[in-house]
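Please read the following note beside the sequence and the three-dimensional view. The points are set out one by one for a reader new to such structures.

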Amino acid sequence: MARLTQKQLNQLSKNFEERTPDELLRWAKEIFGDRASAISAMQKSGSVMCHMISRLKLDIPVLFVDTGVMYQETLETRDRMSSEYGLDVRTLHPEMTMAEQTDKLGVLYLSVEGQEQCCHMRKVEPLLKAKGEYDALIGSLRRADGGRRGVCPLLAVDTEMNAVRINPMANFTDEQMAAYLEENDVIINPLHKQGFATIGCNRCTTPILPHEVKRAGRWRHLGTAAAYCGINPTDVSDGDSQSIDLPQDLIDRILGQKTDFMI
Ligand code: SF4
């Protein structure tokens with residue numbers, strides 16, 4: 001094993017800034033092969049990413065974390081991704097049902113500290129069950145969504161998963177998104193048409209008013225104290241000093257360099 005640092009990825013990200021989502025998805029498949037998966041919460045940008053993976057015939061599985069308290073529309077969108085786009089959608093679950101968790105720990109999502117614990121148990125820990133299966137996780141974060149996402153990197157180390165996070169749609173604008181959705185008649189979560197800008201658990205997501213920022217509907221009951229669940233590490237940490245361990249030959253392929261093993 002060798003070390004891949006965020007600094008190395010930052011340089012590569014700079015070189016990739018002009019690449020399209022299609023080019024970045026193809027790169028991910030070429031470099032990581034079967035060790036790449038996508039991750040989607042079945043929101044609009046995730047649907048576009050799923051459509052791209054299907055259209056490009058990349059044969060990349062899609063991880064979906066079902067917290068057990070998702071909206072029915074979200075689960076139906078997931079099912080359509082698999083039945084209509086032919087995607088291999090792999091659903092990950094938390095250890096406890098929400099009822100079991102509440103019996104044991106109370107209603108966690110009603111306090112800021114509890115929300116962090118609940119999101120960790122119901123979102124982050126299920127994803128960690130896939131640790132070791134993949135060296136790359138492809139997400140659909142976009143800078144146009146603002147907040148922490150306004151500076152989301154194309155490539156980032158994920159120390160908990162020991163994998164590279166790839167955001168091929170980081171530079172995809174709202175206008176490009178709207179055009180892509182229309183041109184390709186992409187399946188989207190019906191809740192978007194009902195005032196939801198972003199969609200998470202049914203306990204913690206509401207529609208937003210026209211003047212509100214996109215994430216105003218997330219943890220509204222906690223005020224401005226909570227904005228992200230932590231399943232995307234770049235939402236909660238800049239990671240600039242972090243690194244992960246991968247095979248040397250894979251790191252060489254990622255960075256586009258060759259190691260001379262004769263030296
Ligand atoms: S969004 Fe709410 S219900 Fe869902 S895992 Fe986080 S705190 Fe729990």
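1. This is a predicted model. Apart from neighbours within four places in sequence, Cys201 is in contact with Thr67, Val69 and Met70. The residue Cys201 sits in the loop that links helix H7 (174–184) with strand E8 (243–246). Cys201 counts as buried because it has 23 C-beta neighbours inside 10 Å.

2. Cys204 is also placed in the loop between H7 and E8. Its contacts, again leaving aside neighbours within four places in sequence, are Tyr109, Arg218 and Trp219. Cys204 has 21 C-beta neighbours inside 10 Å and therefore counts as buried.

3. In the unreviewed UniProt entry, the annotation "binding site" covers Cys118, Cys119, Cys201 and Cys204. These positions are spread over 87 residues of sequence, yet they cluster in space, with a largest C-alpha distance of 11.1 Å.

4. Which residues come nearest to the ligand? Of the 13 residues around it, they are Tyr109, Cys118, Cys119, Cys201 and Cys204. The shell around the ligand comprises seven nonpolar, three polar and three charged residues.

5. Strand E2 (residues 36–39) is covered on both faces: Ala36 and Ala38 are buried on one side, and Ser37 and Ile39 are buried on the other. E2 runs parallel to strand E5 (residues 136–138), to which three bridges join it; within E5, Ile138 is the bridge partner of Ala38.

6. Two bridges pair E2 with strand E3 (residues 62–65), also in the parallel sense, and Ile39 stands opposite Leu63 of E3. Between E2 and E3 the chain passes through helix H3 (residues 44–55), forming a right-handed β-α-β crossover.

Methods: Residues are numbered from 1 along each chain as its sequence is written. This is a predicted model: local features need pLDDT of at least 70, side-chain atom pairs count only at pLDDT 80 or more; totals for chains, interfaces and linings use all residues. A residue is near a molecule or strand if its C-beta atom, placed from the backbone, lies within 6 Å of it. Ala, Val, Leu, Ile, Met, Phe, Trp, Tyr, Cys and Pro count as nonpolar, Asp, Glu, Lys and Arg as charged, and the others, Gly among them, as polar. A residue is buried if 20 or more other C-beta atoms lie within 10 Å of its own, exposed if 12 or fewer, and partly exposed in between; C-beta atoms are placed from the backbone. Helices (H or I, at least four residues) and strands (E, at least two) are DSSP runs, numbered from the N terminus. Two strands pair if DSSP finds at least two bridges between them. A crossover is right-handed if, with the strands pointing away from the viewer, the path from the first strand over the helix to the second runs clockwise. UniProt positions are given in the numbering used here, feature names are shortened, and annotations may be inferred rather than shown by experiment. Two residues are in contact if their C-beta atoms, placed from the backbone, lie within 7 Å.
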